[in-house]
Amino acid sequence: MKQILVIHGPNLNMLGKREPEHYGRVTLSEIDDLLVRRGRELGLLVETFQSNHEGEIVSKIQAAMGNIQGLVINPAAYTHTSVAIRDALLLLEIPMVEIHLSNVYKREPFRHHSYMRDVVTGQITGFGVYGYTMALDAVANILQGPDTGKGKMG
Ligand code: CA2
């Protein structure tokens, strides 16, 4: 079974507990449950991981090399700062989706830059929790392959 890793960056463990105006009322464990269930429907094994530490995220990506077929990542604040996570993502030659709950382009200018944007397959931003299932569906679609007629274009 194909394995997908979902990485949640710093402070996302606080989802549903603070700032509902930006991030909604759903908790991280509810999002994880949703992703595992959607993964089952798609025939994918989903593992989720959250860390508040840049180095732990880098180590998790390194450890996943060769063991996963797709990645969904919300790097949270590290999106805008982390060359280290960008460099780690460059080690992976698999479909990768960067996802943000909020529309970062409607927010402060410092959130408009992503160190990941040209390393990942694509970005999803501003659709709340639904963005995570969109991201998983996008990875599944690519993994189905272009020759099935259901996969990515080209
Ligand atoms: O919109 C997103 O998903 C972000 O990645 C969230 C990050 C932010 O730094 C990015 O610019 C956009 C912040 C995550 C903080 O999560 C919290 C959740 C609940 C309460 C407080 C923070």
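E19 sits in the loop between β1 and α1. A word on those labels: helices (H or I, at least four residues) and strands (E, at least two) are DSSP runs, numbered from the N terminus. E19 has a positive phi of about 50°, although it is not a glycine. At 40% relative accessibility, E19 counts as partly exposed. The cut-offs here: buried means under 20% relative accessible area, exposed means over 50%, and partly exposed is in between, with a 1.4 Å probe and protein chains only.

Before I go on, the ground rules. This is a predicted model, where local features need pLDDT of at least 70, side-chain atom pairs count only at pLDDT 80 or more, and totals for chains, interfaces and linings use all residues. Residues are numbered from 1 along each chain as its sequence is written, and side-chain values use heavy atoms, with hydrogens and water left out.

N11 is not a glycine either, yet its phi is positive, about 75°. Buried or exposed, what is N11? Exposed, with a relative accessible area of 55%.

Now the sheet. It is open, has 5 strands, and runs in the order β2-β1-β3-β4-β5, with parallel pairing. Which strands stand at the edges? They are β2 (44-50) and β5 (122-125). Each has a single partner strand, so one side of each is left without a neighbour in the sheet. On average, neighbouring strands of this sheet are turned by 20° against each other, direction ignored. Pairing has a threshold: DSSP must find at least two bridges between two strands. In general, strands of a sheet pair through backbone hydrogen bonds, either parallel or antiparallel.

Look at one pair. Strand β4, residues 96-100, pairs with β5 in the parallel sense over 4 bridges. E98 has Q123 of β5 as its bridge partner.

Two helices pack on this sheet. Helix α2, residues 28-42, touches β1 (2-8) and β2. The direction of α2 makes about 160° with that of β2. Helix α5, residues 130-144, touches β1, β2, β3 (70-74), β4 and β5. The direction of α5 makes about 160° with that of β3. For these angles, axes are lines fitted to C-alpha atoms, for helices over the stretch in contact, and angles run from 0 to 180 degrees between N-to-C directions. Contact, here and below, means heavy atoms within 4.5 Å.

Next, H8, in strand β1. H8 is buried, at a relative accessible area of 0%. Its side chain makes a polar contact with the side chain of Y132, at 3.4 Å. A polar contact is a pair of N or O atoms within 3.5 Å; within protein, one must be able to donate a hydrogen and the other to accept it, and residues adjacent in sequence count only if both atoms are side-chain atoms. Not counting residues up to four places away in sequence, H8 touches several residues, including L28, I31, T48, F49 and N74.

On to the ligand. Now the oxygens. A ligand oxygen lies 2.5 Å from an N or O atom in the side chain of S102. For L101, a backbone N or O atom lies 2.7 Å from a ligand oxygen. For A77, the distance from a backbone N or O atom to a ligand oxygen is 3.4 Å. On its own, the ligand has 510 Å² of accessible area, and the protein covers 93% of that. Areas come from the Shrake-Rupley method with a 1.4 Å probe; for residues, only the protein chains shown count as cover.

T79 is in the loop between β3 and α4 (83-89). T79 counts as buried, at 1% relative accessibility. Its contacts beyond four places in sequence include E98, H100 and M116.

M116 is in the loop between β4 and β5. M116 is buried too, at 0%.

I57 is in helix α3, residues 54-64, and counts as buried at 1%. I57 and A84 are 27 residues apart along the chain, with their C-alpha atoms separated by 9.3 Å. Among the contacts of I57 beyond four places are I7, F49, Y78 and I85.
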